[in-house]
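Me: I would like to learn how to read salt bridges and helix packing from a model. Could you take me through a few cases?

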Amino acid sequence: MRISDPTGCDRFTARTVTGLSAEARSPIWLRRRLQKVGMRPISLAVDVTNYVMMELGQPLHAYDRGLVQGTIGVRRAEAGEKLTTLDGVERTLDAEDLVITDDRGPIGLAGVMGGANTEIADHDDVENATADVVIEAAHFDATSIARTARRHKLSSEASRRFERGVDPEAAAAAAQRTVDLLVLLAGGTAEAGVTEVIAPTAPRTITIPADHPDKVAGVAYGRETVVRRLQEIGCDVYGQDELIVTVPSWRPDLTDPNDLAEEVIRLEGYENLPSTLPKPPAGLGLTDRQRLHRRVGRALAGAGYVEALNYPFIGEQVFDQLGLEADDPARRVVKLSNPLSDEEPALRTSLLPGLLGALRRNDGRGSHDLALFETGLVFRPREEQRIAAVLPVEGRPTDEELAELNAALPEQPRYAAVVLAGAREQAGWWGKGRPADWADAVEAARVVAREAGAELVIRNGQYGPWHPGRCAELAVAVDGAERIVGHAGELHPRVVKALGLPARTCAMEIDLDAVESAGDATVRAPRISTFPVATQDVALVVDAVVPAAEVEEALRDGAGELLESIRLFDVYENAEQLGEGRKSLAYALRFRAADRTLTVDEASAARDAAVALAGERVGAVLRS
């Protein structure tokens, strides 16, 4: 017997039983008990090992002695070694895998599943019935078994028990119990020799103040009660004010003083703990940032969008599906060392992949008229990669330590995004309805900016997943400089096809933190004027390539302080009347003075000034 890794296997017991009857079958009581715990009867030797595992909690394995060549050993696998397990799958082993070996190589994946090359014959195969068996009862490292089971995606009854902790002292008793049942039920003979390898280990002891459970529970138990309760669970306790507790082998979960305190409190009764409500200090309420996020959510919900919360994980292949350039900053991601799914190992840099996935799933389930939104964090790696320091636990970290920890984290701005597909307005007695289009996505961006008190600049743009002719670039002024904060419009047909989305799907994404920094979210009461409004309509003819936003900006600047609001209410294109490549934009201008009723001449003068400036800037002329 050779154990080359005592850390991975600190105890190994092997027993041999010879002369098993080929006609022996598992008795009905044994099969019924296995079936009731969800296990399938296979053969007498295997059924007995499974039964003892359920009875004592110690996993065991039986090898056909005639198929074992040479000495059994335990070691780490060599990278690239092959082993066909009992489920018939050939597995390529990792250097961290713990294996049972003979002179040929691996014959079992330790603590997980045995190998097919030493398999006990099925009870129906009388000609090749196993006559001599070797019973293995061992104790393996829980972490090693857990990693092996996950690495090979092979969860078994044995691996689940080893992962959670098995009593190392139970191996010899379980092996003896198995041998006794095989002798009784199969007429076998137990060989006198017992192979047992035990790595020297000291008993686990924990030092705990006698009044520690009292402090944890807020109840005065006293030393005598603490000692009595710990002895009830199998602990040996010595000392007076400072107790030295020797933990029993069958309680691997007891590792520190708080575990022992929990056992005392549990046995004394949780129902006996006094209910003391804490008295929290008066808070300052929500921050401005939190208030803005809530207002944005309520505004989008009021506009007909449904909030969809998605996991912040993505796979890097989604960037190709979204049509992002190879050097796009969004492709720089923070990768997780232990992701929930190997297909999504990175943190998102955009909300769109999750939202578009939710839209696709809902559309596939028959819900075709969709308008979804999400506000959440995106993650961007910093230029300088730092390793987060381990903070002390004996007191509150200093401000410098917290600042250093935050500097090691990726940047986490909060974004807002919407996606739309299908009908935006349903048809009915009120009208024909209409489908969602790029203008709805742009309007969602205006809703967000309005809640932040920011002035949003909207112009024609081109970026990644959006259709180049139906994409709006969103910008705000931050510290006197214009900054692009998002895009809105209709998605490119290639992106729609790659992601399996409905035709003409639209989307908007905007940096909510940047919009907040550019706005003034102070809530101001509206001023209600006692003077009437003067309305002037104007229709301007411009080149078809001139954005309506530029015309509106020129009109607003030219009209001056008397202009209260401006609204585009008509767009008209007719080559015969307007000329080739020309369009007509009709605006409603509302003028009002704060201290008087405007005259017709004053309103007309303001309108003429607005038209004149639009003519200078964008070449607009009044439509005749």
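Reply: Gladly! Keep in mind that this is a predicted model. Let us begin with R228, which counts as partly exposed because its relative accessibility is 38%.

Me: Which residue forms a salt bridge with R228?

Reply: The general idea is that side chains of opposite charge can pair when their charged atoms come close. Here the partner of R228 is E268, with 3.9 Å between the closest N and O atoms. The cut-off for a salt bridge is 4 Å, so this pair is counted. R228 sits in helix α7 and E268 in helix α8, so the pair links distant parts of the chain, 40 residues apart.

Me: Which residues are linked with R228 and E268 in a network of salt bridges?

Reply: R229 and E232 join R228 and E268 in that network.

Me: How are helices α7 and α8 placed relative to each other?

Reply: For a pair of helices, look at how their axes approach and cross. The axes of α7 (residues 223-232) and α8 (residues 257-268) come within 9 Å and cross at roughly 95 degrees. The two helices are therefore roughly perpendicular to each other. On the α7 side, the contact is made by T225, V226, R228, R229, L230 and E232. On the α8 side, L260, V264, L267 and E268 take part. Sorted by class, this contact has five nonpolar, one polar and four charged residues.

Me: What follows α7?

Reply: Look for G234, which has a positive phi, near 100 degrees.

Me: Back to salt bridges: how many are there by this rule?

Reply: The count comes to 47 salt bridges. One of them joins the side chains of D97 and R151, at 2.3 Å from N to O. This pair also links distant parts of the chain, 54 residues apart: D97 is in the loop between β6 (90-92) and β7 (98-101), and R151 is in helix α3 (residues 142-151). D97 is buried, with a relative accessible area of 0%, whereas R151 is partly exposed at 30%.

Me: What is the N to O distance between D440 and R434?

Reply: Their side chains meet in a salt bridge at 2.7 Å. D440 counts as buried because its relative accessibility is 9%, while R434 is partly exposed at 30%.

Me: Where does Q58 lie, and what does its side chain reach?

Reply: Q58 lies in the loop between α2 (44-56) and β3 (61-64). With 0% relative accessibility, Q58 counts as buried. The side chain of Q58 reaches the backbone oxygen of A138 at 2.8 Å. Leaving aside neighbours within four places in sequence, the contacts of Q58 include M53, A137, F162, V166 and D167.

Notes. Residues are numbered from 1 along each chain as its sequence is written. This is a predicted model: local features need pLDDT of at least 70, side-chain atom pairs count only at pLDDT 80 or more; totals for chains, interfaces and linings use all residues. Side-chain values use heavy atoms; hydrogens and water are left out. Axes are lines fitted to C-alpha atoms, for helices over the stretch in contact, and angles run from 0 to 180 degrees between N-to-C directions. Helices (H or I, at least four residues) and strands (E, at least two) are DSSP runs, numbered from the N terminus. Angles under 35 degrees count as roughly parallel, over 145 as roughly antiparallel, 65 to 115 as roughly perpendicular and the rest as oblique. Contact means heavy atoms within 4.5 Å. Ala, Val, Leu, Ile, Met, Phe, Trp, Tyr, Cys and Pro count as nonpolar, Asp, Glu, Lys and Arg as charged, and the others, Gly among them, as polar. Buried means under 20% relative accessible area, exposed over 50%, partly exposed in between (1.4 Å probe, protein chains only). A polar contact is a pair of N or O atoms within 3.5 Å; within protein, one must be able to donate a hydrogen and the other to accept it, and residues adjacent in sequence count only if both atoms are side-chain atoms.
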